[in-house]
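Here is a brief report on one protein chain. Please look over the sequence and the structure before reading on.

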Amino acid sequence: MCYLVDVATTIQVADALSLVLNLPAHQADDVLIAMISKDDAAGGAFTGMSGWTEIAQANVGTSGTNTVRGAAFWKRASGSSETPPTVTSTDTDAWCAAVLCVRGAYAADNPIGIYATNTDTSGA
């Protein structure tokens, strides 16, 4: 049975093109799940998460400053000292991220079996 071990958050208030994610304590075979959002959907898809597998990415909201770009990625740790990833965009904005460490997850292939996204365009 899998369980949550630790969480690390990263917040970048000043506008920036990239964000280096803080990683929680982890060990070999733990699954790290990164959830990232950026203040504005301009700049398109997030890139730079080398070694991580994308779960989903989406824009939420109507347009311009009423939108948020969100994404989730996962990686199976090969040891206790994974290198913190850097996520990038072509547009400067504020960022926030949370990385979860899950222990005891399904060991074969992709541990993310089901996911969903919501791209509400109401602007609320």
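## Arginine 76

This is a predicted model. A salt bridge requires a side-chain nitrogen and a carboxyl oxygen within 4 Å.

Arginine 76 sits in strand S4. A polar atom of its side chain lies 3.4 Å from the backbone oxygen of aspartate 29. Beyond its neighbours within four places in sequence, arginine 76 also contacts other residues, including Asp30, Val31, Tyr106 and Pro111.

## Overall fold

The chain has five strands and zero helices. Along the sequence, the pattern reads β-β-β-β-β. Of the 124 residues, 40% are buried.

## Nonpolar cores

The largest nonpolar core holds 17 residues. Leu21, Ile36, Met49, Trp52 and Val87 have the most contacts inside it. Strands S1 (3-20), S2 (31-38), S4 (67-76) and S5 (86-103) each supply at least two residues of this core. S5 gives the most, with five.

A second, separate core has nine residues. Among them are Ile55, Val102, Ala105 and Ile112.

Tryptophan 52 belongs to the largest core. Leaving aside neighbours within four places in sequence, tryptophan 52 touches Leu23, Leu32, Ile33, Ala34, Phe73, Trp74, Lys75, Pro85 and Val99.

## Salt bridges

The structure holds four salt bridges. One of them pairs aspartate 30 with arginine 103, with the closest N and O atoms 2.8 Å apart. Aspartate 30 lies in the loop between S1 and S2 and arginine 103 in strand S5, so the pair ties together parts 73 residues apart in sequence. Aspartate 30 counts as buried because its relative accessibility is 1%, and the cut-off for buried is under 20%.

Lysine 38 bridges to aspartate 91, with the closest N and O atoms 3.5 Å apart. Lysine 38 is in strand S2 and aspartate 91 in strand S5, so this pair joins parts 53 residues apart in sequence. Lysine 38 also meets aspartate 93 in a salt bridge, at 3.5 Å from N to O. Aspartate 93 lies in strand S5, 55 residues from lysine 38. Both lysine 38 and aspartate 93 are buried.

Definitions and conventions
Residues are numbered from 1 along each chain as its sequence is written. This is a predicted model: local features need pLDDT of at least 70, side-chain atom pairs count only at pLDDT 80 or more; totals for chains, interfaces and linings use all residues. Side-chain values use heavy atoms; hydrogens and water are left out. A nonpolar core is a set of buried Ala, Val, Leu, Ile, Met, Phe, Trp, Tyr and Cys residues joined through side-chain atoms within 4.5 Å. Buried means under 20% relative accessible area, exposed over 50%, partly exposed in between (1.4 Å probe, protein chains only). Helices (H or I, at least four residues) and strands (E, at least two) are DSSP runs, numbered from the N terminus. Contact means heavy atoms within 4.5 Å. A polar contact is a pair of N or O atoms within 3.5 Å; within protein, one must be able to donate a hydrogen and the other to accept it, and residues adjacent in sequence count only if both atoms are side-chain atoms.
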